[in-house]
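Subject: Two-chain model, handed over with notes

Hello,

Here is the model you will be working with. Please open it next to this email.

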Amino acid sequence: MENTSTDIRQLNEKIHQASAFVDLLNLELSKVIVGQRYMVDRLLIGLLAQGHVLLEGVPGLAKTLSIKSLSSAINAKFSRIQFTPDLLPADVVGTMIYNQQKNEFVVRRGPIFANFILADEINRAPAKVQSALLEAMQERQITIGDTTFKLDDPFLVLATQNPIEQEGTYTLPEAQVDRFMLKVVIGYPTKEEELHIIRQNLNPQNTAKINPVIQPADILEARKLVREVYMDEKIERYILDIVFATRNPEDYKLQKLKPLISYGGSPRASINLALAAKAYAFMKRRGYVIPEDVRSICFDVMRHRVGLTYEAEAENVTSENILSEILNAVEVP
Amino acid sequence: MGKQIIFLFALLGLLSPLSSLAQQSRVEVNAKADTDKIRIGEQVKLRLSATVEQPTGLTVVFPQVPDSLSHWEVVTRSKIDTAGDNNKKIFSQTLTITSFDSGHWDIPAFRFDVVQNAGGATDSAFTGPLGIDVGTITVDTTKAFKPIKAVRTVGWNFWDYWLYFAIGITVIIIGIGLFVYFRSKPKKEVVKPVVPLIAPYEAALQQLQHLRGEKIWQQGDVKQYYTRLTDILRAYFEQQFNIPALEQTSEELLQHIKPVTILNQQRDKLRSLLTVADLAKFAKLHPSPDEHEAAIQQAIEIVEWTKPAAAKAPETVKEEIKQP
């Protein structure tokens, strides 16, 4: 059924009301998290668009604190898994243990049974563990023994990668990285923010506690609304142009990018870009997507989906450079 | 007694330099050097010859000279040459020999075999010995040792390089030929880019007036109306102020017009126009007819406002952009 002007106006009003919790959440999180607004916004986009987030940043940038605070504000269950080289799939998903009293095997659920999972330093675990987690992310269910368990909803995985130490790591294959909706690169806070962080941490009286402002059920409702956000065909074509420009840059007068790109965005990139743009529009309390939404979220959705050639690496060209060129060349509707 | 006589003849034949066969047929062999004194390492031409009177019925076999003789080395050997007339024939061979030992050295006698064609009787003839003095270079020991002479450069010779000269000259000739050919070839007419006769702001105004006249919003195509309206404005900004407006979102465009003062003064008007256009394009908003008219009027005003700057736009804009 095609949306009419009246439908969209109603939807806009509905979303304007329903998205009010975003401001509340931000306000609550700002009690303990100084700065990092960009990261928190992306976490919310992942949460609303039902996509997982891969975070890349040096240790100590409040990654754990952010996701822990977010789960507290949503009154959701949080779990943290530190990935190490000796981790086993059973340590993540759970296993069957023998109960001597009952003389039977019982299921012992792993830490993945939570709403928010922080998979810390995911690239330190071997591929077997990574694939167990990524399978759970994709299927949103776990099979232990003969029993299949559906994971809690909302279910958001925030995986971190440390870009500094590459020794003893198992780099995530491209196909698995593609399963993350967003790859967010976070940087250091500003001087003023860091000053605030020092004072906040050294003050013994400062014991700010995050209070639940919404319930997981509200998030599930919001997700339905996110899917309803109106996306015009012009925006859909704009998204396609961006993704296709990563595959065939020469079609967009970007011949110089051709030798730098080994592979472009997959159809999953198009889907995720559209979904993330809708979630971004929702957070901006709009019932429709505008080109700004696509551009705002484009780097986070696409940066891990554009493969670089050896030539690009030799010339220190990053996927962000390539995406910037593409965004500057593709006409905005 | 008879046996004793035969033995005596045989002994004489062995001892004599010329055997009986040779004597009977008058075969004469000879070895002659072109000099009897050389310096060490110098070469001597040694001519071996056999003169046979005709007709003989004899075959003369030349000696097989080895590569080395005592104190002498054979450098070259010529082929056996034949000369003479009906009365006698002279067979000769020239050897080039040298010696690297100083002293007086004898060249041993060479043996020529003489074979009788009828019967196969064989005899030998020997050349006489030759003595040649091989002297060393006289060194004045009273003088000091001299250093080794430096490497001597070979004089420049044109024929050593004639091929390179030939290639170079050929390449130059081909180059000149090509140059002359292409220069004399009639040139294609260069198609000059068509310079728009009207200024960007005039073109924008014309297009806006045309859009106003079309009234496509009356046909229900509101989205198309606002798309064209904003495209005209963006193209105008791009041509007039070098802002890549067609590749920017509304918000980015509003950010990028800041350095262009004259455009920035119309920012609020532009913002409201772009907002309505975005809503019409992306949110299916149907503004009222008055709003349609107001939108195009705003666009015309923005273009008109920037019109005075248009004539001197390039310099003005550059200066304005430089300002922090």
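**Conventions**

This is a predicted model: local features need pLDDT of at least 70, side-chain atom pairs count only at pLDDT 80 or more, and totals for chains, interfaces and linings use all residues. Residues are numbered from 1 along each chain as its sequence is written, while chains are lettered from A and ligands numbered from 1 in the order in which they are written.

Helices (H or I, at least four residues) and strands (E, at least two) are DSSP runs, numbered from the N terminus. Two strands pair if DSSP finds at least two bridges between them.

**Chain A**

Start with the sheet. Five strands of chain A form an open sheet in the order β2-β5-β8-β1-β9. The pairing is parallel. At the edges are β2 (78-82) and β9 (182-185) of chain A, and each pairs on one side only. Neighbouring strands are turned by 20° against each other on average, direction ignored. (Axes are lines fitted to C-alpha atoms, for helices over the stretch in contact; angles run from 0 to 180 degrees between N-to-C directions.)

Five bridges hold the parallel pair β2(A) and β5(A). There, A:Arg80 stands opposite A:Leu118 in β5(A).

Helix α3 (residues 37-48) of chain A lies across β1 (53-56), β8 and β9 of chain A. Its direction is about 170° to β9(A).

Now helix α6 (residues 127-139) of chain A. Its 13 residues should span 18 Å at 1.5 Å a residue, and its end C-alpha atoms are 18 Å apart, which agrees. The expected span is 1.5 Å times one less than the number of residues. Which residues of α6(A) are buried? They are A:Val129, A:Gln130, A:Ala132, A:Leu133, A:Leu134, A:Ala136 and A:Met137. Buried means 20 or more other C-beta atoms within 10 Å of a residue's own; exposed means 12 or fewer, partly exposed is in between, and C-beta atoms are placed from the backbone. The cover over these residues includes α5 (89-93), β5 (116-120), β6 (141-144), β8 (156-161) and α7 (174-177) of chain A. Just after α6(A), A:Arg140 takes a positive phi of about 60°.

One more residue here. A:His196 lies in helix α8 (residues 191-202) of chain A. A:His196 counts as partly exposed because it has 14 C-beta neighbours inside 10 Å. A:His196 and A:Gly35 are 161 residues apart in sequence, yet 9.4 Å apart in space, C-alpha to C-alpha.

**Chain B**

Chain B has ten helices and twelve strands. Of its 324 residues, 23% count as buried. Among contacts in chain B between residues at least 6 apart in sequence, 67% join residues at least 24 apart. A contact means C-beta atoms, placed from the backbone, within 7 Å.

The UniProt annotation "transmembrane region", from an unreviewed entry, covers residues 161-182 of chain B. Such positions are given in the numbering used here, feature names are shortened, and annotations may be inferred rather than shown by experiment. In the model, that stretch of chain B is 95% helix and 0% strand, with end C-alpha atoms 32 Å apart.

Helix α5 (residues 222-241) of chain B has 20 residues. It reaches 28 Å from its first C-alpha to its last, close to the 28 Å expected. Just after α5(B), B:Asn242 takes a positive phi of about 55°.

On to the strands. Strand β4 (residues 58-61) and strand β10 (residues 111-116) of chain B run antiparallel, joined by four bridges. B:Val60 stands opposite B:Val114 in β10(B). β10(B) also pairs with strand β11 (residues 122-126) of chain B, antiparallel over five bridges. Here B:Val115 stands opposite B:Thr122 in β11(B). The hairpin of β10(B) and β11(B) has five residues between the strands, and B:Gly119 takes a positive phi near 105°.

**Where the chains touch**

How many residues of chain B are in contact with chain A? There are 13, facing 20 residues of chain A. Helix α8 (residues 267-282) of chain B gives the most to the chain B side, with three residues.

Best wishes

Key:
Two residues are in contact if their C-beta atoms, placed from the backbone, lie within 7 Å.
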